[in-house]
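Subject: Structure handover

Hi,

Here is the structure we talked about. Please open it alongside this note; what I found follows below.

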Amino acid sequence: MANFTRLILVLLFRITCWCLVTSSVETTNLLIGLIVCLLIPFGDFRRLKMHALIPEILLILRLPYDMIKECFELMLISDPIDKFTEERVNIRATSGSKFAEFFDLFRITFTPMSLVTRRENSDVWRVHLVASASEMEAKVKSKESEK
Amino acid sequence: MTITIISYAILSLGLYFWIWGTLPILNKEHSIFYKLHTLTVADSVGSLLIVVALFLRAPQYWPLLLVTAISLSLWNTIFSYILGNISDRPS
């Protein structure tokens, strides 16, 4: 039953793409779309992990707000310098779902302030951020004065 | 009338992001990574805002505009990752 649900979801996704690309929901177009969707190989849809995928897709809904906010943050940095950090791969992405991994990478890279450059190991992304040189200098100085 | 004003405002913001994000490419002092960040502002955010403004002006074309928005988001993000990955390879 679970595999049948997965198969239906894959088909629904394909038909939605077909309808969007053709901009039509007429019966004839839907039938042609269905034939095309059935002809394309399904791959290993049994390994589709919906419990990992759905929360990742929902998190993408937050992106438009983050995107605009980070745009202005980036614009306000007048003296940019490169800064590399390590960010943990989302727990859902480490559960073996390739799509969840892709969405995790997509969420980090899509926003202007962060950019995934590579995967250090199975648990960590290497992420590039933009920092302000004067702010970084001020932080270093305050740390030194604390010592 | 209100929709037209809102669409022009969003279009202007999108164009501003485009110009702001594209100009740093010409600056040799900036690193490739900073240029990739600013290009995200231009290509992803600026373009998406322009698509939103077009949607407000011609809502009947929403399927094509949605496909454009999804394609732009995927293409720009993957391309940024590929360029970032190539630039960050240990020598």
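A definition before the helix packing: axes are lines fitted to C-alpha atoms, for helices over the stretch in contact, and angles run from 0 to 180 degrees between N-to-C directions. One caution too: this is a predicted model.

**Helix against helix, across the chains**

Start with helix α4 of chain A, residues 63-76. α4(A) packs with α2(B) at an angle of about 140°, and their axes are 11 Å apart. The crossing of α4(A) past α2(B) is left-handed.

Which residues meet there? From α4(A) come A:Met67, A:Ile68, A:Cys71 and A:Leu74. They meet B:His37, B:Val41 and B:Val45 in α2(B). By class, this helix contact has six nonpolar residues, one polar and no charged.

**The contact between the chains**

Now the contact between chains A and B as a whole. Chain B puts in 22 residues and chain A 23 residues. On the side of chain B that touches chain A, the elements giving two or more residues are α1 (2-22), α2 (32-57) and α3 (62-87) of chain B. α3(B) gives the most, with ten residues. The residues on this side of chain B divide into twelve nonpolar, nine polar and one charged.

**The sheet in chain A**

Next, the strands. Chain A has an open sheet of three strands, in the order β1-β3-β2, with antiparallel pairing. β1 (80-88) and β2 of chain A stand at the edges with a single partner strand each, so one side of each has no neighbour in the sheet. Neighbouring strands are turned by 30° against each other on average, direction ignored.

Nine bridges join β1(A) to β3(A). In that pair, A:Lys83 has A:Leu129 of β3(A) as its bridge partner. Helix α5 of chain A, residues 98-110, packs on the sheet and touches β1, β2 and β3 of chain A. The direction of α5 makes about 140° with that of β2(A).

How many bridges join β2 (residues 114-121) to β3 (residues 124-132) of chain A? Six, and the two strands run antiparallel. They form a hairpin with two residues between them. A:Val116 has A:Val127 in β3(A) as its bridge partner.

**Domains**

Domain 1 covers 1-48 and domain 2 covers 49-147. Taken over C-alpha atoms, 33 Å separate the centres of the two domains.

Best wishes

Definitions and conventions. Residues are numbered from 1 along each chain as its sequence is written. Chains are lettered from A and ligands numbered from 1 in the order in which they are written. This is a predicted model: local features need pLDDT of at least 70, side-chain atom pairs count only at pLDDT 80 or more; totals for chains, interfaces and linings use all residues. Two residues are in contact if their C-beta atoms, placed from the backbone, lie within 7 Å. Helices (H or I, at least four residues) and strands (E, at least two) are DSSP runs, numbered from the N terminus. Ala, Val, Leu, Ile, Met, Phe, Trp, Tyr, Cys and Pro count as nonpolar, Asp, Glu, Lys and Arg as charged, and the others, Gly among them, as polar. Domain bounds come from an automatic or database domain assignment. A crossing is left-handed if the near helix is turned anticlockwise from the far one by less than a right angle, and right-handed if clockwise. Two strands pair if DSSP finds at least two bridges between them.
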